[in-house]
Amino acid sequence: AAQLQLTTTEAAELLHRRFGMELDAESTELLCRRTEGWPAGIQLAGLALQDEADRPGFVKRFSGDERNVADYLTGEVLDRLPVEQARFLKHTSILDRLSGPLCDAVAGVAGSATTLAEMERANLFLVPLDHQRKWYRYHRLFGEWLRHELRRTEPDQISKLHARASRWFEEENHLDAAISHAIAAGELERATEIMNRYLLDPSGVHWPTVFRWLTRLPFEA
């Protein structure tokens with residue numbers, strides 16, 4: 001996958017040859033970042049860009065829930081998967097990074113480490129984050145699309161999934177992630193309790209992170 005990623009120059013050439021389109025250098029670079037150089041993703045963006053008057057603005061908004069991307073991924077990926085695997089993908093899409101034990105806790109299943117390894121072999125838009133293949137993340141556009149599908153089909157599950165993730169990270173003493181997921185779950189009391197524990201050791205506090213949490217909390221909390 002890394003070898004097949006298009007560079008900015010190659011993406012510009014693809015858009016020019018396929019669509020006769022000239023994007024400015026900044027927009028082309030941003031499109032490459034958003035698609036992570038995925039050739040089909042760049043072509044799907046090109047299809048949508050043909051009808052756009054404000055092409056730089058569209059590139060800034062371009063995400064996994066854009067119609068061409070969503071239709072493509074639904075038809076080529078989700079509809080071909082077993083129901084259990086499709087549900088696993090959607091439920092774990094709330095996570096910025098994935099591991100077997102974490103996915104077990106969030107998705108309420110067993111054997112997620114094996115599932116992740118099989119997904120990587122099947123090229124299901126999974127990016128390994130270490131050489132041991134313990135941690136992964138979803139391709140940016142794929143993850144955005146999965147979260148869109150989760151909001152569309154199972155909105156009542158989102159807070160529950162974030163709550164499970166928060167508890168797992170808290171048990172593993174990853175307080176930053178525990179707080180972020182608690183806030184996303186709407187468990188503000190838990191979030192502030194964990195934050196207080198985090199602040200007990202001022203020498204280890206990353207203040208920009210604390211300020212980011214505070215901006216997400218209601219004034220009362």
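Let me start with what covers the buried residues of helix 6, where buried means under 20% relative accessible area, exposed over 50% and partly exposed in between, with a 1.4 Å probe and protein chains only. The cover includes helix 7 (100–107), helix 8 (112–121), strand 2 (136–138), helix 9 (140–153) and helix 10, and contact here means heavy atoms within 4.5 Å. Helix 6 itself runs over residues 83–92, and its buried residues are Ala86, Phe88, Leu89, Lys90, His91 and Thr92. Helices (H or I, at least four residues) and strands (E, at least two) are DSSP runs, numbered from the N terminus.

A word on the source: this is a predicted model, in which local features need pLDDT of at least 70 and side-chain atom pairs count only at pLDDT 80 or more, while totals for chains, interfaces and linings use all residues. Residues are numbered from 1 along each chain as its sequence is written, and side-chain values use heavy atoms, with hydrogens and water left out.

On the overall picture, the protein has 13 helices and two strands, and its C-alpha trace spans about 60 × 40 × 35 Å along the principal axes. Of the 221 residues, 45% are buried, and among contacts between residues at least 6 apart in sequence, 57% join residues at least 24 apart.

Now to the aromatic residues, where rings of Phe, Tyr and Trp (its six-membered ring) pair if their centres lie within 6.5 Å, with planes under 30 degrees apart counted as stacked, over 60 as edge-to-face and the rest as tilted. A search of the whole structure finds eight such pairs. One of them joins Trp135 and Trp168 edge-to-face, at 6.4 Å centre to centre and with 70 degrees between the planes. Trp135 lies in the loop between strand 1 (126–128) and strand 2, whereas Trp168 belongs to helix 10, so this pair ties together parts that are 33 residues apart in sequence. Both Trp135 and Trp168 are buried. Another pair, Phe142 with Trp145, is tilted, at 5.6 Å centre to centre and 35 degrees between the planes. These two residues are three apart in helix 9 and therefore separated by about one helical turn; Phe142 counts as buried at 1% relative accessibility, and Trp145 is buried at 0%. Phe142 and Trp145 also belong to one aromatic cluster with Trp38, Phe125 and Tyr138.

Which residue places its charged end over the ring of Trp135? It is Arg97, 4.2 Å from the ring centre, the criterion being NZ of Lys or CZ of Arg within 6 Å of the centre and within 35 degrees of the ring normal.

Arg97 is also among the residues that line the second largest pocket, together with others including Asp96, His162, Asp176 and Arg216. A pocket, on a 1 Å grid over the protein atoms alone, is an open set of points where a 1.4 Å probe fits, with protein on both sides within 12 Å along at least five of seven lines, and lining residues have an atom within 4 Å of a point. Helix 11 gives the largest share of this lining, five residues.

Finally, on the backbone, Arg133 has a positive phi of about 60 degrees although it is not a glycine; it sits in the loop between strand 1 and strand 2 and is partly exposed at 41% relative accessible area.
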